Amino acid sequence: MGRVLRTPLGAAAAGTVAVVLLLAVLAPVLWTDAANAVDTGQIQQGASADHWAGTDSLGRDIFFRVLVATRLSVQLALLATALGVAVGLLLGTAPLLLGARAGRVITAAVHIAVAFPGLLLALFFAVIFGVGTTGGLLAIGFALAPGFARLTHTMVAGVAGLDYVAAARIAGVGRLRVLFRHVLPNVAEPLVVNATVAAGNALLAFAGLSFLGLGVQPPDYDWGRLLGEGLGAIYLHPEAALAPGVAVVVAGLAFNLFGEAIAKGVGLERRLGTSTSRFRRRPRVAPDPDDSAMLVVENLSVGFPGTTPVRGVSFSMRRGDAVGIVGESGSGKSLTALAVSRLVEEPGIVEAERLSFLGADLRAGEHRRLLGTSLAMVFQDPMTSFNPTMRIGRQLSEVARHHEGMDRRAAMARAVDRLAAVRLSDPERRARQYPHEFSGGMRQRAMIGMGLMGKPALIVADEPTTALDVTVQRQVLELLASIRAADDVAILLISHDITVVEQVCDRVLVMYAGRIVEDLPAAELRTGARHPYTKALLAAVPDMTTDRELPLTVIPGRPADPANLPPGCAFAPRCPLADARCATEDPELVENAGARVACWHADVPAEVIS
Amino acid sequence: MTAAVSAPVDHPWGRFALRRFGRLLVSVWVLVTAAFGMIHLIPGDPVRGALGPTASQELVEARRAALGLDQPLWQQYLDYLRGLFTGDLGVSMNSGMPVADILGDRLPATVELAVLAFALAVLVSVPLGLAFAVLTRGGRRRPLELGFTSTSVVLAAIPEFLLAVALVWIFSVNLGWVPVAGRDGPSSYVLPVVALALAPAAILARIVRVETLTVLRADYIRTARAKRLPSRTVYFRHALPNALTAAITLGGLLLGALVAGTVLVENVFAWPGLGSTIVSSILAKDYPVVQGVVLVYGVGVLVVNLVVDVALALLDPRSTIREG
């Protein structure tokens, strides 16, 4: 509750609700006489100092009548809501109380009833219960009931399936007792929130009913009644219609917003603190500028407000290269891949001293066609990476249609051809299917096929096998390898799995906290790794010789938080070799004999660590 | 997917159509029974209520006989069903006119109002929601987002009959641009249609924006961008259909609510449609007419729901399968 009041909207809504409730209690006591005072000399007058909202056909003061009508309007709304909640609870818990069969009939009836708008239900019930205050009350209460019944039913079904409820039932606890002790307390919160919103709606609905002349009858009056009477004289003095109208809107809105504020307050999340750590520029350690390089990345950084998850990454790739980037989640490897493909979206900012692909400077210009045809992406989750509302063939063929201006038929023919190339059986039929008709492995192959629609020089594969099971993983990796061999396509493979990278790639980049900490040939991974983090990653992989009696090796500590990095080496807090220098000075990435490493203790033999 | 048993029924579309049609039939049956039962659920004698306490007993008896209320209940139910199939909905207790004629006379005005208002709401809200999603995605332009959200919340919360009153005050009373009431010429349509359309448009625009924001974060949008498609292709072909699936579900509910809203708006504007008919008939206790209008509204809502489900199935091929 305190949290609700602390938001400006919640506080305003709560304040208005309080004022409305206070008026409902006090206004009839204070102003009933003023509201009923007939003044035949002042009939149908406009606003004046004596009558702020004018007078009605008997010369009664409309402003006071609106204030006094607060009680009846609010009272009826709350009663109708209470009735709706009570009937809704009864219907919604029926399956639990009466058993499955009777429950199913009631649930089906509720299901049909909620399909009709509340006002139509209210009119239907108004016919049965008759015109008037009581009839309107029953009508709106029953009209609200199906909505609450469905809410209750959904919530109860969720709770009733829980273990402790089942346990209570097995223990022989009666149905009513299960309902009151175990189920209702758990669904109370959303019910209260919805009831508050519903009170607002009931208020509006009652105003509508009275406005139509089907609700409150004279000499009683509520806001809807006053509005209906005022509308007839809207040419003479519009205040008579506007004053009750404003009252209805303000009160209805207050209840609605109050309910929503409670709902938000219940599920309020702590806002993430934003750090102000600035991206530190470091002296660059660039590989030799290589003219045959297809992709050159120099001092690449990716920044978001408050953090810099990629800090000064440099590497280059030639045609047909297979480079892997490994690291824990949060190391910046995926962002590096997205930055290379120019897919980082605002508010992310990509900076680089050099970012060139096939000779084009990617920092300048769109390069839509070049990237669309020569750079292919394969993403982690094939289940979500295809558009669920478009056929696979069309999703493939639109690449060729847009970038090469092919007509529909030719583009589709190529799509079928590429689906065949990634070894999907019956590609013609597959092209006409939707993504949900494909298995995960088939989708990932189709995704690779989509990359082959152009003439790719580079395939960036971001965790392409993580979401797949092991046998399918191997098929996908083999497919990538065969494409690479056949067409001299380079592959940039992002993975947290160092053994996958070791199998597929010929060079491995190890990233930690947004930096490359080691760069070495894949063949030397097991023997030549020099960074303690690389060694720790390797040690964490169990193999046939791992002693299964011992717990699996893990890297102690947590991955570095890019928003809050230590002043020295980012790995120092988790590193067994760390000393005073590591804590204060960040080691540079130093090249030595075809490999690069960033560690003050790069020369300590592996045995000391493991 | 599923094992092929018999070709036509096993086809997802065939199964979907069968199941959906079956549901419609059950709902219509419930509706018809409710409309029939309504008159019998009214406490006391509805005919005596309608004719008033001063009417002679002979007149009441004669009217009961004319309405068939002296028959056993099951006989009345069967007669009622038979009447429905032959287009006979009974006669008005007040005017003696066939209910079917009254409905046929009044229905077009209401349908016009609802269809125009819904079309206006959709035409305004979908581009608006999409544009605001693109403009405010990723936390951009916070003030714009705040303005959009608060405006739509307030507009959506004001009931249409109050909006109608405010519109009458501004545009008819003060500015004198359009007539205050009635259905006479194109200018008389403006206020009722706008009054009906504003709230659904506000809700729909908000939903379209939220849904579009969710869709824009989806992996397949990243895929579409990775294909370097032009922005308009990404937004209109990849994002919009996915954002619309949720918007259509809600749009259907809104159209249903809009049908109900016509009742109030018609009464504000003295619009000669079903809405003013049902209110005057309830007040006059002319139950056969009320029954007929309830049936028409109910069938209208059910048909809208059916259209929504079919549209959803067309837009999102998963929904046909998901239901099973």
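Modeller: The model is predicted. Residues 191-214 of chain A are 88% helix and 0% strand, with end C-alpha atoms 29 Å apart. Residues 234-258 of chain A are 80% helix and 0% strand, and there the end C-alpha atoms lie 32 Å apart. Both spans come from the UniProt annotation "transmembrane region", an unreviewed entry, which also covers residues 12-31, 76-100, 112-145 and 151-171 of chain A.

As for the contact between the chains, 53 residues of chain A and 57 residues of chain B take part. On the chain A side, at least two residues each come from α6 (118-129), α9 (175-211), α11 (239-266), α13 (368-374) and α14 (392-404). The most is given by α11(A), with eight residues. By type, the residues of chain A that touch chain B are 34 nonpolar, 13 polar and six charged.

In chain B, one helix can be described in detail. Helix α7(B) runs over residues 142-157, 16 residues in total, and spans 23 Å from first to last C-alpha, close to the 22 Å expected at 1.5 Å a residue. Its buried residues are Phe148(B), Ser152(B) and Ala157(B). These lie on the same side of α7(B), because they cover an arc of only 145° around the axis. The other side of α7(B) carries exposed residues, namely Pro143(B), Leu146(B), Gly147(B) and Ser150(B).

Terms used
Residues numbered from 1 in each chain as written. Chains lettered and ligands numbered in written order. Predicted model: local features only at pLDDT ≥ 70, side-chain atom pairs only at ≥ 80, totals over all residues. UniProt positions renumbered as here; feature names shortened; annotations may be inferred. Helix = DSSP H or I, 4+ residues; strand = E, 2+ residues; numbered from the N terminus. Expected span 1.5 Å × (residues − 1). Buried ≥ 20, exposed ≤ 12 C-beta atoms within 10 Å, placed from the backbone. Arc of directions from axis to C-beta. Contact = placed C-beta atoms within 7 Å. Nonpolar A, V, L, I, M, F, W, Y, C, P; charged D, E, K, R; others polar.
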